[in-house]
Amino acid sequence: MPTAPSREAIARSSPRYIRRGRPWQPDILLVDHQGRSVIVKDYAPRKWIYRVGVGLYSVWREATIYELLDGIPGVPGFVGRIDRYALATEYIPGKGAGEARPGDVGEAFFDRLHETVEAVHRRGVALCDLRNMNNVLVSDRGEPYVIDFAAAIRRGARWNLLVNGLFRIFVQDDRLGVIKLKRRLAPYLVTSEESKRYRKGVFMQAQAIAVRDWGKKWLKRLAGTRTG
């Protein structure tokens, strides 16, 4: 695994923008570094109030989560922090699962995705946004990867009942996200039990999602962006 590139190295490499961030989002770049390609998530171009007030924490938090999940198959490797506003991760060639078509993946893909998600949970992390199909990557080798931990939450201390309650809800929501993707790409693999769980949903799920979405809306307002 290469070390994290410096900003000077990024500029010399003529990076390719995968996504230019909105006022509350980082830029996502593909950078050639030390003979390999890495993904760079960079908040530096954002307004100062978001870059300093939120970007600092976001980079630290996501970097901490990547370090915590190190070695789990199906999680891109963490390359390192570039500075206070940017981090780099392993580049996995592929496409978002939202772009895949029924029949592109099969049972082995979903078995491995299930193993990855459960391993992430055992490390004390809930992904929280797995219903967004593009947060699952289908690699060029047909393997699943979970990407983008910006919305993830960590299990709290034993005394933190609120955080641990949200964590348990989003663990279940992650599992429903896997079923949702299976229903779209390989519906013949969905068991009757999974169908029942998907229809039932998760207790307090709507309220937990509302809390998450409220946080996103607050950040956009902090950045001076309309949210309507």
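This is a predicted model: local features need pLDDT of at least 70, side-chain atom pairs count only at pLDDT 80 or more; totals for chains, interfaces and linings use all residues.
How many bridges join β1 to strand β2 (residues 27-33)? Three bridges do so, and the two strands run antiparallel. Residues are numbered from 1 along each chain as its sequence is written, and side-chain values use heavy atoms, with hydrogens and water left out.Helices (H or I, at least four residues) and strands (E, at least two) are DSSP runs, numbered from the N terminus. Strands of a sheet pair through backbone hydrogen bonds, either parallel or antiparallel. Two strands are counted as paired if DSSP finds at least two bridges between them.

With these terms in hand, the sheets can be described. An open sheet of five strands has the order β1-β2-β3-β5-β4, and its pairing is antiparallel. Because β1 (16-19) and β4 (78-83) stand at the edges, each with a single partner strand, one side of each is left without a neighbour in the sheet. From one strand to the next, the twist averages 30 degrees; axes are lines fitted to C-alpha atoms, for helices over the stretch in contact, and angles run from 0 to 180 degrees between N-to-C directions.

The 21 residues of α2 reach 29 Å from the first C-alpha to the last, close to the 30 Å expected at 1.5 Å a residue; the expected span is 1.5 Å times one less than the number of residues. At Gly-55, α2 bends by about 45 degrees, the bend being the angle between axes fitted to the seven residues ending there and the seven starting there. Buried residues of α2 include Tyr-50, Val-54, Gly-55, Ile-65 and Tyr-66. Here buried means under 20% relative accessible area, exposed over 50%, and partly exposed in between (1.4 Å probe, protein chains only).

A second open sheet has three strands in the order β6-β8-β9, again with antiparallel pairing. Its edges are β6 and β9, each with a single partner strand, so one side of each is left without a neighbour in the sheet. Three bridges join β6 to β8, and Gly-94 has Ser-139 in β8 as its bridge partner. Helix α3 lies across β8 and β9, running at about 25 degrees to β9. Among the buried residues of α3 are Phe-109, Phe-110, Leu-113 and Val-117, and the buried residues of this helix pack against β7 (125-126), β8 (136-139), β9 (144-146) and α4. Just after α3, Gly-124 takes a positive phi of about 90 degrees.

Asp-104 is partly exposed, with a relative accessible area of 42%. Its C-alpha atom is separated by 9.2 Å from that of Val-138, 34 residues apart along the chain.

Finally, the axes of helix α4 (residues 161-185) and helix α5 (residues 192-200) come within 10 Å and cross at roughly 115 degrees. Residues making the contact include Arg-175, Leu-176 and Ile-179 of α4, together with Glu-194, Arg-197 and Tyr-198 of α5.

How values were computed:
Contact means heavy atoms within 4.5 Å.
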